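This briefing covers one protein chain.

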Amino acid sequence: MANVIVIGAQWGDEGKGKITDLLSASADVVVRYQGGVNAGHTVVVAGRTFKLHLIPSGILYPETQCIIGSGTVIDPQVLLEEMDQLEQLGVPTNNLWISQTAHVTMPYHRLIDQAEEEYRGRHRLGTTGRGIGPTYADKSDRTGIRVQDLLDPQGLREQLTWTITQKNAVLEKLYNRPPLSAQEIISQYLDYAQRLKPHIVDSTLVLWEAVQKRRNILFEGAQGTLLDLDHGTYPYVTSSNPVAGGACVGAGIGPTMIDRVIGVAKAYTTRVGEGPFPTELAGDTGEYLCERGAEFGTTTGRKRRCGWFDAVIGRYAVRINGMDCLAITKLDVLDELPEIKVCVAYEIDGQYTHNFPNSSRQFARCQPVYETLPGWQSPTSDCRSLAELPKAALAYLHFLASIMEVPIAIISLGAGREQTIIVEDPIHGPKRALLPLS
């Protein structure tokens, strides 16, 4: 048995969907533990593309139990649309379970999110406008709606009648938006509840029983380490905890039950939305990475900002998450470049540092210190073993593993499942899966 957490080692969009899909083949249970419909995982199987926002990637394996944990926030409309789309593609969703204590995104959350972002002007955070922040805010304010509340019609009517009155006051008086109809929303969400009811469970009990039966459990986060509410580039972060520690809270499982943490990082770096990005490339190389890497958001379609690999944030992610190994994705995107740079340190106000600064103002002043490596200018997408990789590509991976002080277990060379080199199986392999550094 192995209970494994998969986390993003950058600003999200690292390709966690593909890695989770691969590892799900060895998992009995896959748990999504935080985030909402602001996340998106793209999985390509036999030429078919699946875009998932709330449902764990393990749904593509019929025998795998999939759980949306209590640390997530759920938009029922989007979830049901996603379930319908999967069913239409021949993917059953009868193995999907929803935590009864997960919080629910309501229409007023989306409207407030969009109004607040517009109100911020040049100080905007770059949110997706999907209501995630306001949903988590209500959760902390203890005024939120939980999934189990949808199953209590009378209680839901009482709670939403009061809540929507308060939210309408904010929408009308602060943001000059039209009021919402409480009755329409109540009726709509009661309809959602009837469709979701067969999937709603005490997810902590389901997980506990899986642990007792020594099942393999995979914990899947959304976003990445640098977007963590507590440990990311605040305030340009998400409203939950994508880091490994967030899996225990968001899933409802004790830390002693976790066996391994796998980080996922691109062979370069991307970021969506606002905030500092030391290795960002504004010229032709940045455009090349964007076009060749198809760097457009799964959820919003927004163009991602692209830059060289940042080993400073990489080492920070290793430390914050206690990573055992790494999966490096999109190595093939670098195939045509004559040289490749890696940020090994920052220069801040004339001083050099190898550590990530916690001050956002200080981080905004960071200038990257690069080490340049030769490119391989040879295709890698058809490589299926380390021996088939160009020597320069293998040297690049050795360098990343060495400077981040963490072994590499998986190398992804394209979107397809088959376009992968698995050095060691992170679930069934030894404790320290590795890419040899010699």
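In which loop does proline 235 lie? Proline 235 is in the loop between β10 (217-220) and α8 (244-251), where helices (H or I, at least four residues) and strands (E, at least two) are DSSP runs numbered from the N terminus. The model is predicted: local features need pLDDT of at least 70, side-chain atom pairs count only at pLDDT 80 or more, and totals for chains, interfaces and linings use all residues. Residues are numbered from 1 along each chain as its sequence is written, and side-chain values use heavy atoms, with hydrogens and water left out.

**Domains**
- The domain assignment of the protein chain gives domain 1 (3-88 + 202-422) and domain 2 (103-198); such bounds come from an automatic or database domain assignment.
- Between the C-alpha centres of domain 1 and domain 2 the distance is 29 Å.
- In the contact (heavy atoms within 4.5 Å), 26 residues come from domain 1 and 21 residues from domain 2.

**Interface of domain 1 and domain 2**
- About 2,000 Å² is buried between domain 1 and domain 2, with 58% of it on carbon and sulfur atoms; buried area is the accessible area (1.4 Å probe) that two parts lose on being put together, summed over both.
- Of the area that domain 1 buries against domain 2, 27% is supplied by Val73, Pro76 and Leu80, more than by any other three residues.
- The rule finds two salt bridges across this interface, a salt bridge being a side-chain nitrogen of Lys or Arg within 4 Å of a carboxyl oxygen of Asp or Glu.
- On the side of domain 1 that touches domain 2, β6 (73-74) and α2 (76-88) each supply at least two residues.
- The largest share of that side, six residues, comes from α2.
- The residues of that side comprise nine nonpolar, 13 polar and four charged; Ala, Val, Leu, Ile, Met, Phe, Trp, Tyr, Cys and Pro count as nonpolar, Asp, Glu, Lys and Arg as charged, and the others, Gly among them, as polar.

**Sheet**
- Ten strands form an open sheet with mixed pairing, in the order β9-β7-β5-β2-β10-β1-β11-β15-β19-β20; two strands pair if DSSP finds at least two bridges between them.
- The edges are β9 (200-201) and β20 (420-422), each with a single partner strand, so one side of each has no neighbour in the sheet.
- Strands β2 (residues 29-32) and β5 (residues 65-68) run parallel and are joined by four bridges.
- Valine 31 stands opposite isoleucine 67 in β5.

**Salt bridges**
- The structure holds 15 salt bridges.
- One joins arginine 304 and aspartate 13 (3.4 Å, N to O).
- Arginine 304 lies in the loop between α9 (284-292) and β13 (305-307) and aspartate 13 in the loop between β1 (3-8) and α1 (16-24), so this pair ties together parts that are 291 residues apart in sequence.
- Arginine 110 forms a salt bridge with aspartate 75, with the closest N and O atoms 2.7 Å apart.

**Backbone**
- Most residues other than glycine have a negative phi, and most peptide bonds are trans.
- The peptide bond from tyrosine 234 to proline 235 is cis, with omega near 10 degrees.
- Arginine 142 is not a glycine, yet has a positive phi of about 65 degrees.
- Arginine 142 is found in the loop between α4 (132-141) and α5 (153-174).
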